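Visitor: Please show me the model, and let us then discuss it in questions and answers.

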Amino acid sequence: MPSVGVKLYSVFFKFLLKHRLQNRIQSSGDESSSDPFGVTTRPEESVAAPNPLFTDGVATKDIHIDPLTSLSVRIFLPESALKPLEPSTSAGVYSGKARNLNNLAGSDLLIRRNSLGSSNSLLSHKVESRRSSYGFTTGSSSPEAGSSDVYRGYSPSSSGGNSRKLPVMLQFHGGGWVSGSNDSVANDFFCRRMAKHCDIIVLAVGYRLAPENRYPAAYEDGFKVLKWLGKQANLAECNKSMGNSRRPGGEVKKSEVNKHIVDAFGASLVEPWLATHADPSRCVLLGVSCGANIADYVARKAIEAGQNLDPVKVVAQVLMYPFFIGSVPTQSEIKQANSYFYDKPMCILAWKLFLPKEEFSLDHPAANPLVPGRGPPLKFMPPTLTIVAEHDWMRDRAIAYSEELRKVNVDAPVLEYKDAVHEFATLDMLLRTPQAQACAEDIAIWAKKYISLRGHEFSY
């Protein structure tokens with residue numbers, strides 16, 4: 001069973017959440033509350049400032065990518081992007097654990113983790129510090145830090161000497177559609193952890209929240225970021241090809257080439273971190289709670305888009321305790337309807353705030369993954385890792401969806417964590433528990449099969 005502290009915090013959390021949902025329902029009745037531009041965070045949310053320096057091994061920056069909406073992304077760039085990949089790196093650190101997971105990946109077995117297990121890495125973990133984005137440090141981790149009085153964060157060198165390519169992860173936060181943000185303290189901590197464990201560039205998506213923007217706004221925002229990633233890759237390639245062109249008198253300088261691809265205000269359209277270090281052909285989707293619903297939708301849209309997304313390729317997705325529901329209750333929905341943190345009545349309120357009033361149904365394609373006619377056939381879905389918690393009333397439907405994927409030969413393992421609750425690996429209070437750390441490690445082991453270069457699948 002969860003600890004006494006978790007139970008007490010759950011009571012307080014549900015009381016606060018219920019109050020906020022009721023306020024949102026009252027305000028949603030006013031048509032003037034609808035805002036096409038939208039909001040991506042709430043005033044009560046604790047926000048972590050971006051830090052473009054590798055203070056704790058990960059540099060971050062925020063980008064507003066859509067002028068018509070509030071859609072934004074926070075980029076998490078691990079410091080390992082500056083270091084060349086060493087072929088001699090030991091591949092045996094996690095090899096035994098990885099082999100065990102590979103044996104179970106295609107089976108119907110559910111892996112259980114004990115919440116009482118210890119974690120040596122957690123004991124030696126240092127609290128991650130927060131630095132101002134205007135801070136200044138010198139060293140190899142920031143090659144051009146201090147070269148400008150305006151921007152003192154990491155900026156890739158024009159020579160491309162440190163151009164190691166890393167896979168990309170699109171991360172969608174949770175919050176029941178009406179709360180949460182990509183730059184919250186908890187989400188910032190989680191994304192930093194995933195960037196380090198998976199050796200991957202994380203793009204945390206700040207999608208528009210309900211009820212200001214109901215379905216399909218959040219879903220469309222998720223797919224829009226995937227298309228933006230493809231656009232960035234194509235712009236970077238154009239920039240590179242222009243740099244290789246010659247003119248009378250010599251070769252075009254790189255500093256001159258950058259000025260060719262600009263917007264109406266003269267700003268570069270190419271995101272330098274992604275242009276230098278991102279490999280969009282190895283893209284992973286990761287969704288937390290309701291964000292898992294968005295990730296699943298984006299995976300489906302990517303299948304429908306096909307080659308139109310080139311060079312972006314979704315090679316895998318991770319669904320962490322997805323926010324699935326349906327009109328016909330499962331066993332867990334009956335027995336654990338009043339479970340910890342997010343009980344079923346409050347989740348139904350969240351769905352009422354998210355879905356348009358004329359479309360509200362617990363069997364809506366956005367809510368129930370088992371209804372027929374949900375887009376492309378399941379056999380085309382990417383490999384899907386599903387994370388579920390023992391004390392989560394939504395677990396059975398997530399497991400059933402994973403079983404449907406396995407029936408059509410999709411690699412779709414399920415990791416079930418004993419004594420765990422909904423958002424056990426991403427909630428602010430539970431982020432530093434051994435179980436949350438173990439979950440991040442398990443995700444990294446599984447994802448490495450699909451995002452690592454050949455010969456380096458377990459070299460970490």
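Guide: The residues lining the second largest pocket comprise 12 nonpolar, 11 polar and six charged ones. Here Ala, Val, Leu, Ile, Met, Phe, Trp, Tyr, Cys and Pro count as nonpolar, Asp, Glu, Lys and Arg as charged, and the others, Gly among them, as polar. This is a predicted model, in which local features need pLDDT of at least 70, side-chain atom pairs count only at pLDDT 80 or more, and totals for chains, interfaces and linings use all residues. Residues are numbered from 1 along each chain as its sequence is written, and side-chain values use heavy atoms, with hydrogens and water left out.

Visitor: How much space lies in the second largest pocket?

Guide: A pocket is an open set of points on a 1 Å grid over the protein atoms alone, where a 1.4 Å probe fits, with protein on both sides within 12 Å along at least five of seven lines; lining residues have an atom within 4 Å of a point. Grid points are joined across faces, edges and corners, and the volume is the space filled by probe spheres set on the points. For the second largest pocket this space is about 660 Å³.

Visitor: Which helix supplies the largest share of the lining of the second largest pocket?

Guide: Helices are DSSP runs of H or I with at least four residues, and strands are runs of E with at least two, numbered from the N terminus. Both α1 (4–28) and α4 (185–198) supply at least two lining residues. The largest share, seven residues, comes from α1.

Visitor: Is Ser-289 buried or exposed?

Guide: Ser-289 lies in the loop between β8 (278–288) and α8, and its phi is positive, near 55°. Buried means under 20% relative accessible area, exposed over 50%, and partly exposed in between (1.4 Å probe, protein chains only). With a relative accessible area of 0%, Ser-289 is buried.

Visitor: What is the relative accessible area of Glu-423?

Guide: Glu-423 is in the loop between β11 (414–421) and α12 (434–451). Although Glu-423 is not a glycine, its phi is positive, about 65°. Glu-423 is buried, and its relative accessible area is 6%.

Visitor: How far apart in space are Gly-153 and Pro-52, C-alpha to C-alpha?

Guide: Gly-153 belongs to the loop between α3 (120–123) and β4 (166–172). In sequence, Gly-153 and Pro-52 are 101 residues apart. Their C-alpha to C-alpha separation in space is 4.6 Å.

Visitor: What is omega for the cis peptide bond that joins Asp-310 and Pro-311?

Guide: Pro-311 is placed in the loop between α8 (290–305) and β9 (314–320). For the cis bond from Asp-310 to Pro-311, omega is about 10°.
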